[in-house]
Amino acid sequence: MIVLAGDPYEKEREAMVENQIAARGICDRNVLDAMRKVPRHLFVPAGFEGAAYRDHPLPIGHGQTISQPYIVALMTELLSVSPGDRVLEVGAGSGYQAAILVTLGAEVFSIERIPEVARIAEENLRRAGIPDVHVIVGDGTLGYPKGAPYQGIIVTAAAPAVPGPLVDQLAEGGRLVAPVGGRDVQELVRLEKRGGEITRTSYGGVVFVPLVGEHGWEG
Ligand code: SAH
């Protein structure tokens, strides 16, 4: 008899979506489906696979973290991604958030400050079979003008204020989601650009590693 090896974490992923994400009010079907599809255990360091679906962030090396599943889902829902949208992610980290955005049909530019972390993101994305993420090494507080304008910009490190270049690189109708505030605790904000005007809405307290760069914190 031939037994096909399934994904050993499929049940855990389903439980993560139900108990941590849907139960807390995330209801965008496409976001929930993307979280069901992307194999999060391939985006954590070797040996941590068993912890990948738990309700907290995990270390990925170089003092950086992969965000808690619920926070990834919440930020993704707030970004309101449609297929074909160009999305800039600041802080590639493990590559997991980028994988979720690609699964939603976005063209993703993900910029990472630490070259070795960018290499890990690329390797994780390759292992997960997620093609076509443009991983760029650089200071994401300056944005990435080559891909602009973006329908979505997601900042996955904590900024003292929303970096001006990112607002400039947002398309008309575009959304920007970022943790903004102090070094230790921040507020999740969503900006939307309409008719050149920016509206800003707040979504409560979050904790991220610092955004280090010209329009961020000093390293
Ligand atoms: N989105 C990631 C988590 C990112 S953790 C994931 O899904 O796993 C935050 C990342 O932001 C870290 O890797 C850190 O090195 C990076 N970072 C911090 N400041 C940055 C900057 N100015 N430009 C680009 N990346 C930055």
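Helices (H or I, at least four residues) and strands (E, at least two) are taken as DSSP runs and numbered from the N terminus. The model in these exercises is predicted.

**Exercise 1**

State the volume of the largest pocket, and find which element gives the most to its lining.

*Solution.* 
1. The largest pocket holds about 400 Å³ of space.
2. Its lining comprises 30 residues, and those nearest the centre are Gly91, Glu112, Thr156, Ala157 and Val209.
3. At least two lining residues come from each of strand S2 (64–66), helix H3 (69–79), strand S3 (86–90), helix H4 (96–103) and strand S4 (107–112).
4. S2 gives the most, with three residues.

**Exercise 2**

*Solution.* 
1. Pro57, Thr65, Ser67, Gln68, Ile71, Val206, Val207, Phe208 and Val209 form its lining.

**Exercise 3**

Classify the ring pairs Phe109–Tyr144 and Phe109–Tyr150, and place each pair in the chain.

*Solution.* 
1. The model has four aromatic pairs.
2. For Phe109 and Tyr144 the ring centres are 5.9 Å apart and the planes stand at 40°, so the pair is tilted.
3. Phe109 belongs to strand S4, while Tyr144 lies in the loop between strand S5 (134–137) and strand S6 (150–155); this pair links distant parts of the chain, 35 residues apart.
4. Phe109 and Tyr144 are buried.
5. For Phe109 and Tyr150 the centres are 5.8 Å apart and the planes stand at 70°; planes over 60 degrees apart count as edge-to-face, so this pair is edge-to-face.
6. Phe109 in strand S4 and Tyr150 in strand S6 are 41 residues apart, and their pair also links distant parts of the chain.
7. Tyr150 is buried, as is Phe109.
8. Phe109, Tyr144 and Tyr150 make up one aromatic cluster.

**Exercise 4**

Which rings have Arg24 and Arg40 over them, and at what distance from the ring centre?

*Solution.* 
1. Arg24 is over the face of Tyr70, 5.2 Å from the ring centre.
2. Arg40 has its charged end over the ring of Tyr96, at 4.9 Å from the centre.

Note on methods:
Residues are numbered from 1 along each chain as its sequence is written. This is a predicted model: local features need pLDDT of at least 70, side-chain atom pairs count only at pLDDT 80 or more; totals for chains, interfaces and linings use all residues. Side-chain values use heavy atoms; hydrogens and water are left out. On a 1 Å grid over the protein atoms alone, a cavity is a set of points where a 1.4 Å probe fits but cannot get out, and a pocket is an open set with protein on both sides within 12 Å along at least five of seven lines; lining residues have an atom within 4 Å of a point. Grid points are joined across faces, edges and corners, and a volume is the space filled by probe spheres set on the points. Rings of Phe, Tyr and Trp (its six-membered ring) pair if their centres lie within 6.5 Å; planes under 30 degrees apart count as stacked, over 60 as edge-to-face and the rest as tilted. Buried means under 20% relative accessible area, exposed over 50%, partly exposed in between (1.4 Å probe, protein chains only). A charge sits over a ring if NZ of Lys or CZ of Arg is within 6 Å of the ring centre and within 35 degrees of the ring normal.
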